[in-house]
Amino acid sequence: MAGRHGRNKLVFTALAWVLALLVFFPLLWTLLTSFKTEGEAVAIPPKFLFFDWTLENYAEVWERTDYLRHLRNSIIISLGSTLIGLAVAIPAAWAMAFSPTRSTRTVLLWMLSTRMLPAVGVLVPVYLLFKQAGLLDSRSGLVLILMLTNLPIMVWMLYTYFREIPREILEAARMDGATPLRELAYVLAPMALPGIASTLLLNVILAWNESFWTLNLTAASTGPLTAFIASFSAPEGLFYARLSAASMLAIAPIVVLGWLSQKQLVRGLTFGAVK
Amino acid sequence: MSSIHSRATARLALSPAVILLLAWMAIPLAMTLWYSFHDYQLLIPRGNEFVGWENYAYFLTDPAFLHALVNTLALVGGVLLITVAAGIGLALLLDQPIYGRGIVRVLVVSPFFVMPTVSALVWKNMFMNPVNGLLAWLAQLLGMPAIDWLAQAPLLSLVIIVAWGWLPFATLILLTALQSLDAEQKEAAQMDGAGALARFRHITLPHLARPTAVVILIQTIFLLSIFAEILVTTNGGPGTQSTNLAFLVYSQALLRFDVGSASAGGAVAVVLANILALLLMRLVGRNLDA
Amino acid sequence: MAGIALRNVSKAFGMQHVIPCIDLDIGDGELVVFVGPSGCGKSTLLRLIAGLEDATSGQVLIDGRDVTQLAPAQRGLSMVFQSYALYPHMSVRDNIAFPLRMMGMERATVERKVADAARVLNLQDYLDRKPRELSGGQRQRVAIGRAIVREPVAFLFDEPLSNLDAALRVSMRMEIARLHQQFGTTMIYVTHDQTEAMTLADRIVVLNHGRVEQVGTPLQLYRHPASRFVAGFIGSPRMNLIEGPEAARHGAATVGIRPENLVLSDHSGRWQGRVSLAEHLGSDTYVHVDVEGVGALTARAAGDFDVRHGGRVWLTPDEASLHRFDGEGRCVTASEVDHVR
């Protein structure tokens, strides 16, 4: 029996690794290409590992483009929209989790339904409103929009986390004589923080990669990395090595964050329907 | 005392979120509807007069609309088919005891975190390019003619690019669901004499029904509004061969500056999405015992 | 230490009147158990006393002082919750110390009191563990520890043993009884388990649909149930309740007879029936008998009473131990029955 199980494990392991590497391959290939010279990048047959490793593409992207500015824009927009969103979502989720009323369920579902509103349905008015308000091509405009589009997800995620904090613990704290402020500091915050952290993480990722509003509402200077890469394609599309370096620079921070948050991802994106 | 007090506090805490979302939903939607019944051209300031259903008639009878509708459904359907089928397979595999599962998981989940513009450009240039792309080289190795993917099969190419990005999502959710399957259920079935196949059919598959439905509906919401991938690869072309509804509305509005008919298109997209949203709410709502 | 009194207390959630109106006096140092089926309002009543729910009307008095408007912590009570409600991110030591720190007590005093509580509850070796590293019984003891360090005027227990397995439940029950003897503090204990109520209580309050059915010592309730409901709820195995013509013969809508008040015989008696099940517990044998025209009855026999499934037996009730109930389920005495005749 042990032998059969052992052999199965080896077969499954081999198969899983082959398939996983296949799925991961485009990223791996981009990473490798980013270290090649432009000539090696388009060589046929392709060079996999044996080429002259160089960092010149990164240097060039760094010097010749506004990578840093777009990186800063991405950070400001994703972090800004998420933090403001959390400031609005935490009290709302809190209220619904701990003082539920008969309409709580309806409110939650309604909030979710706003997330399903297709962006194109409101593209025209948002564009015109932004134009009038001078928000077009501004970071604050994008912060606002991304905060609004992710707000339902934040409320939902936080709600599912908060609901798991047992009411009896809060009641115990009240019996033990904790004032509301102390209850918050000693009991609520430590228990709610993990949920808030994973909500923050997932929504930063979503905002970082959002590429409908970021492409439609910004031009060159205020665009985040999504727009940077999109504009990169036009003049430099055929410079594969440089494109790869720029791509790696655009996705690396968030892919790493994603690895850290993959456990919470499922629950966040399914609104708690799958845990 | 305390509960009445706390109920008022709760309402106060909830109101900013509700007000923001209400405004976010109501104001632009109302404007979309208003524009959709008016002749409104950004570049030609005419009277913006009321034109009734004319914009809808114009948008809906445009051959591009039918094309876009079919393309939208084909994109959604194609990506769903690939991600769900491959996702179930991968999830079943990753649920087995394997060496290095943590790393395998990380590899599989990575594409989900890649921004659409990057994944589209990487695929377009480094894989699907008819001269320098890896796929062209592979075809050549196998003695087949190279394909200009994005020109000859633009929709299929888009399906592949988008499916690559969403496969991790399906896999991860289905894997999570598999891991929550009670081992005793499978053992009970084993005691009842069910073989591996029967166990899969009668225990595992029914258990996956709900998460699969969740995957389908959530992906549909996102897939209905695929945009960036089209913008940086085919620009909707050749012709309108890879134009979906989102891209059509975008080009009406921001390329042709026809606010009226773009709004009519937006309203149509909202109606279509609402039908799907209703389905999702039922599904997710059932899980909520608020 | 203090007595607790409820005066015309009622509680409604919206249109639903969970507790219509209750008056109750609990003496200083008494261990009173609220018992009843789920949904009878016993937990709500406890939470009203604790201050976790607001009474719709009426007053809660502790030591004669009206505390209805006071916050939970100001009432000087401690509560042990069903789920224990331990703070998961704090060590056992911090959990027990929490109420003392909230009082602003000196560090040295806190440490001494925590050490005392830990010794009383045998928790010395676990003080630095987190709640998730403890067994169910240990968590329960931490929850009790957190309750006793405050030196409350009364303890409230909300079904504290329902998450424990049977053996642990018995030993924790004894531990709570021991604590009551040791401290002599007033305790209110909520449970749905009549055995727990009978073994622990000085007095039992039986609740049904938010109303007090009967208040009394365990033996009073057992011997003189005031209603059909109490008769059926208190005692295990349950009292046999007989309706129909057999009850009418005694001038009641229902008559009740406890299993130990039915005399079993294998040759003669009042009712003849067939054994459906015989439970041999060793010391006793509980015999379940189907009697035509009367129904299924349970009788207690000696441990060596030899009978098995399908056997024929005769049952004779001890007339003096018969309980009579009228159409509304209220107890009527034999003399009242005669009077009506």
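One more: helices (H or I, at least four residues) and strands (E, at least two) are DSSP runs, numbered from the N terminus.

Okay, housekeeping. This is a predicted model, where local features need pLDDT of at least 70 and side-chain atom pairs count only at pLDDT 80 or more, while totals for chains, interfaces and linings use all residues. Residues are numbered from 1 along each chain as its sequence is written, chains are lettered from A and ligands numbered from 1 in the order in which they are written, and side-chain values use heavy atoms, with hydrogens and water left out.

So, have a look at chain B. Helix α12, residues 245–255, is mostly covered, with ten of its eleven residues buried. The buried ones are B:Leu245, B:Ala246, B:Phe247, B:Leu248, B:Val249, B:Tyr250, B:Ser251, B:Gln252, B:Ala253 and B:Leu254. Just after that helix, B:Phe257 has a positive phi of about 60 degrees.

Now let's see how chain B meets chain A. Contact here means heavy atoms within 4.5 Å, and 99 residues of chain A touch 96 residues of chain B that way. Buried area is the accessible area (1.4 Å probe) that two parts lose on being put together, summed over both. For chains A and B that comes to about 8800 Å², with 81% of it on carbon and sulfur atoms. On chain A's side, A:Val23, A:Met116 and A:Gln262 supply 7% of the area buried against chain B, more than any other three residues.

How many salt bridges does the rule find across this interface? Zero between chain A and chain B, where a salt bridge is a side-chain nitrogen of Lys or Arg within 4 Å of a carboxyl oxygen of Asp or Glu. Helix α1 of chain A, residues 2–33, gives the most to chain A's side, with 18 residues.

On to chain C. Its secondary structure comes to ten helices and 19 strands, and 52% of its 341 residues count as buried. Its C-alpha trace spans about 75 × 45 × 35 Å along the principal axes. The domain assignment gives domain 1 (4–228) and domain 2 (237–340); such bounds come from an automatic or database domain assignment. The C-alpha centres of the two domains lie 37 Å apart, and their contact takes seven residues from domain 1 and eleven from domain 2.

The area buried between those domains of chain C is about 720 Å², and carbon and sulfur atoms give 50% of it. In domain 1, C:Tyr222, C:Pro225 and C:Arg228 lose the most area to domain 2, together 80% of what that side buries. C:Arg228 also forms a salt bridge with C:Glu243, their closest N and O atoms being 2.5 Å apart. The count between the two domains is one salt bridge, plus six residue pairs in polar contact, both at pLDDT 80 or more.

Key
A polar contact is a pair of N or O atoms within 3.5 Å; within protein, one must be able to donate a hydrogen and the other to accept it, and residues adjacent in sequence count only if both atoms are side-chain atoms. Buried means under 20% relative accessible area, exposed over 50%, partly exposed in between (1.4 Å probe, protein chains only).
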